[in-house]
Amino acid sequence: ALLKALLAEAETFSSSLSAQGVSNICAACARLRSGGETALRLLRRHAHALGAHDAGEVAWALGKIWLDDVNRSTNRQSLSNPLWAEVLPILAERAAQAASCFDW
């Protein structure tokens, strides 16, 4: 109940969240194995503002959320959530932009 209340609060105040705040919420959702839907909705709104570190943390979090859903799900319905299709290309773009800043 507490986690649901905290995630609802995060969504209520999502317009005032920083990129780091969003990445922290996504990481918390991954670690607590709950709130993946909330993480995706927050990312839909904030993914374009992610910096290099934030994009890396969010990529880890989404990977963990995805794998946890695969391990828990028998019907795979949550894995076909259209939010994945919206968020993943934006995250890939942000990661590529961050990587392009380095002289590899």
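## Close-up views of a predicted helical model

**Figure 1. Surroundings of T38 in the predicted model.** Leaving aside its neighbours within four places in sequence, T38 is in contact with L7 and E11. This view, like those that follow, is drawn from a predicted model. T38 is found in helix 3, and its relative accessibility of 7% falls under the 20% limit, so T38 counts as buried.

**Figure 2. Packing of helix 1 and helix 3.** The axes of helix 1 and helix 3 are 11 Å apart and meet at an angle of about 10°, and the two helices are therefore roughly parallel to each other. On the side of helix 1 the contact is made by L7, A10 and E11, and on the side of helix 3 by T38, R41 and L42. Sorted by class, the residues of this contact of helix 1 with helix 3 are three nonpolar, one polar and two charged.

**Figure 3. R41 in helix 3.** R41 is found in helix 3, where a relative accessibility of 30% means that R41 counts as partly exposed. When residues up to four places away in sequence are not counted, R41 touches E11 and L83. R41 and R31 are 10 residues apart along the chain, and their C-alpha atoms are separated by 18 Å.

**Figure 4. Buried residues of helix 3.** The buried residues of helix 3 are G36, T38, A39, L40, L42, L43 and H46. These buried residues of helix 3 pack against helix 1, helix 2, helix 4 and helix 5.

**Figure 5. Packing of helix 2 and helix 3.** Helix 2 and helix 3 pack with their axes 10 Å apart and at an angle of about 160°, which makes helix 2 roughly antiparallel to helix 3. Helix 2 passes helix 3 in a left-handed crossing. From helix 2, V22, I25, C26 and C29 meet A39, L42, L43 and H46 in helix 3. The contact of helix 2 with helix 3 has, by class, seven nonpolar residues, one polar residue and no charged residues.

**Figure 6. R33 in the loop between helix 2 and helix 3.** R33 is found in the loop between helix 2 and helix 3, and the phi angle of R33 is near 55°, a positive value in a residue other than glycine. With a relative accessibility of 53%, which is over the 50% limit, R33 counts as exposed.

**Figure 7. The largest nonpolar core.** The largest nonpolar core has 24 residues, and those with the most contacts inside it are C26, L43, L50, V58, L62 and I65. At least two residues of this core are supplied by each of helix 1 (2–12), helix 2 (19–32), helix 3 (36–46), helix 4 (52–72) and helix 5 (82–100). Helix 2 provides the largest share of this core, with six residues. V58, one of the residues with the most contacts inside the core, touches S23, C26, L43, L50 and L91 when residues up to four places away in sequence are not counted.

**Figure 8. Packing of helix 4 and helix 5.** Helix 4 and helix 5 pack at an angle of about 145°, and their axes are 9 Å apart. Helix 4 passes helix 5 in a left-handed crossing. Helix 4 makes the contact through A52, A55, V58, A59, L62, I65 and W66, while helix 5 makes it through W84, V87, L88, L91, A95 and A98. The residues of the contact of helix 4 with helix 5 divide into 13 nonpolar, no polar and no charged.

**Figure 9. A92 and S100 in helix 5.** A92 lies in helix 5, and with 48% relative accessibility A92 counts as partly exposed. The C-alpha atoms of A92 and L7 are separated by 25 Å, and the two residues are 85 residues apart along the chain. S100 is also found in helix 5; S100 is exposed, with a relative accessible area of 56%. S100 and L3 are 97 residues apart in sequence, and the separation in space is 37 Å, C-alpha to C-alpha.

Terms used:
Residues are numbered from 1 along each chain as its sequence is written. This is a predicted model: local features need pLDDT of at least 70, side-chain atom pairs count only at pLDDT 80 or more; totals for chains, interfaces and linings use all residues. Side-chain values use heavy atoms; hydrogens and water are left out. A nonpolar core is a set of buried Ala, Val, Leu, Ile, Met, Phe, Trp, Tyr and Cys residues joined through side-chain atoms within 4.5 Å. Buried means under 20% relative accessible area, exposed over 50%, partly exposed in between (1.4 Å probe, protein chains only). Helices (H or I, at least four residues) and strands (E, at least two) are DSSP runs, numbered from the N terminus. Contact means heavy atoms within 4.5 Å. Axes are lines fitted to C-alpha atoms, for helices over the stretch in contact, and angles run from 0 to 180 degrees between N-to-C directions. Angles under 35 degrees count as roughly parallel, over 145 as roughly antiparallel, 65 to 115 as roughly perpendicular and the rest as oblique. A crossing is left-handed if the near helix is turned anticlockwise from the far one by less than a right angle, and right-handed if clockwise. Ala, Val, Leu, Ile, Met, Phe, Trp, Tyr, Cys and Pro count as nonpolar, Asp, Glu, Lys and Arg as charged, and the others, Gly among them, as polar.
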